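User: I am new to this structure and would like a short tour. Please take my questions in turn.

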Amino acid sequence: MNIKLNRFCQTQDCTLGNLTMGKMELYSLEDLPSFTGEKVPGETRVPAGHYEVKFRTVESPLTMRYRDNYSWFEWHLELQDIPNFTNVYIHVGNYAKNTDGCILIGEGVIPEKAMITNSVTAYERFYRTVSAALHDGQRVFIDIIDED
């Protein structure tokens, strides 16, 4: 399974993108790029590239909170082998303050407010699709492309 994330806009607060997976089209929100080339924890987005997505099978406090809030949630979806980054997830959130270096997804985007909308609904559809593929033994990859 392949996911494509095209980053198309950079605001003062975040990076916005279009995320597609088959016929599913969503929006993404991430932190800003590193202007020095160095990772700043919780403030910089991952570099463009090709990454595998797997379950992170660790029962962290965040995992437990998601399980309490979403009956369909099992494990976080984590991007693998990103240079100088760890624990990068695709998850719920609407604003840059929610991302902490991860990729947020939503059904709509409001660039002038630096936000995405309907994140929980979008994430559930996305999560169910990716989760089913992983449980079926498929490998899942995301290609992140900078157009911004």
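The questions and answers below go from the whole fold down to single residues.

User: What kind of model is this, and how are residues numbered?

Analyst: This is a predicted model, where local features need pLDDT of at least 70, side-chain atom pairs count only at pLDDT 80 or more, and totals for chains, interfaces and linings use all residues. Side-chain values use heavy atoms, with hydrogens and water left out, and residues are numbered from 1 along each chain as its sequence is written.

User: How many helices and strands does the protein have?

Analyst: Helices (H or I, at least four residues) and strands (E, at least two) are DSSP runs, numbered from the N terminus. Along the sequence they follow the pattern β-β-β-β-α-β-β-β-β-β-α-β. The count is two helices and ten strands.

User: In what order do the strands close into a barrel?

Analyst: Strands pair if DSSP finds at least two bridges between them. Eight strands close the barrel, and the pairing is mixed. The twist averages 30 degrees from one strand to the next; axes are lines fitted to C-alpha atoms, for helices over the stretch in contact, and angles run from 0 to 180 degrees between N-to-C directions. The order is β1-β2-β3-β7-β6-β5-β4-β10.

User: How do β1 and β10 run, parallel or antiparallel?

Analyst: Strand β1 covers residues 2–10 and strand β10 covers residues 140–146. Six bridges join them. In this pair, N2 stands opposite F141 in β10. The two strands run parallel.

User: Which residue is the bridge partner of L19 in β3?

Analyst: β2 and β3 pair in the antiparallel sense over seven bridges. They form a hairpin with two residues between them, and G22 in the turn has a positive phi of about 60 degrees. The partner of L19 is L26.

User: Which residue in β7 does S28 stand opposite?

Analyst: β3 is joined to β7 as well, by three bridges, and the two run antiparallel. β3 is mostly covered, with five of its seven residues buried; buried means under 20% relative accessible area, exposed over 50%, partly exposed in between (1.4 Å probe, protein chains only). The residue opposite S28 is I105.

User: What angle does helix α2 make with β3?

Analyst: Helix α2 spans residues 119–135 and packs on the sheet. It touches several strands, among them β1, β3, β7 and β10; contact means heavy atoms within 4.5 Å. The directions of α2 and β3 make about 110 degrees.

User: Which residues does A122 touch, not counting residues up to four places away in sequence?

Analyst: A122 has its place in helix α2. It is buried, with a relative accessible area of 0%. The C-alpha atom of A122 is separated by 31 Å from that of E38, 84 residues apart along the chain. The residues A122 touches are L26, I105, G106 and E107.

User: Which backbone oxygen does the side chain of R7 reach?

Analyst: R7 lies in strand β1. It is buried, with a relative accessible area of 0%. At 2.7 Å, its side chain reaches the backbone oxygen of V46.

User: With which side chain does T63 make a polar contact?

Analyst: T63 sits in helix α1, residues 61–69, and is buried at a relative accessible area of 1%. Leaving aside neighbours within four places in sequence, its contacts are V58, F73, E74, W75 and H76. A polar contact is a pair of N or O atoms within 3.5 Å; within protein, one must be able to donate a hydrogen and the other to accept it, and residues adjacent in sequence count only if both atoms are side-chain atoms. At 3.3 Å, the side-chain partner of T63 is H76.

User: How far apart are the C-alpha atoms of D13 and E112?

Analyst: D13 is found in the loop between β1 and β2. Leaving aside neighbours within four places in sequence, D13 is in contact with L32, A96 and A114. D13 and E112 are 99 residues apart along the chain, and their C-alpha atoms are separated by 10 Å.

User: What is the radius of gyration of the protein?

Analyst: The radius is taken over C-alpha atoms, and the globule rule is 2.2 Å times the number of residues to the power 0.38. With 148 residues, a compact globule would come near 15 Å, and the protein agrees with that. Its value is 14 Å.
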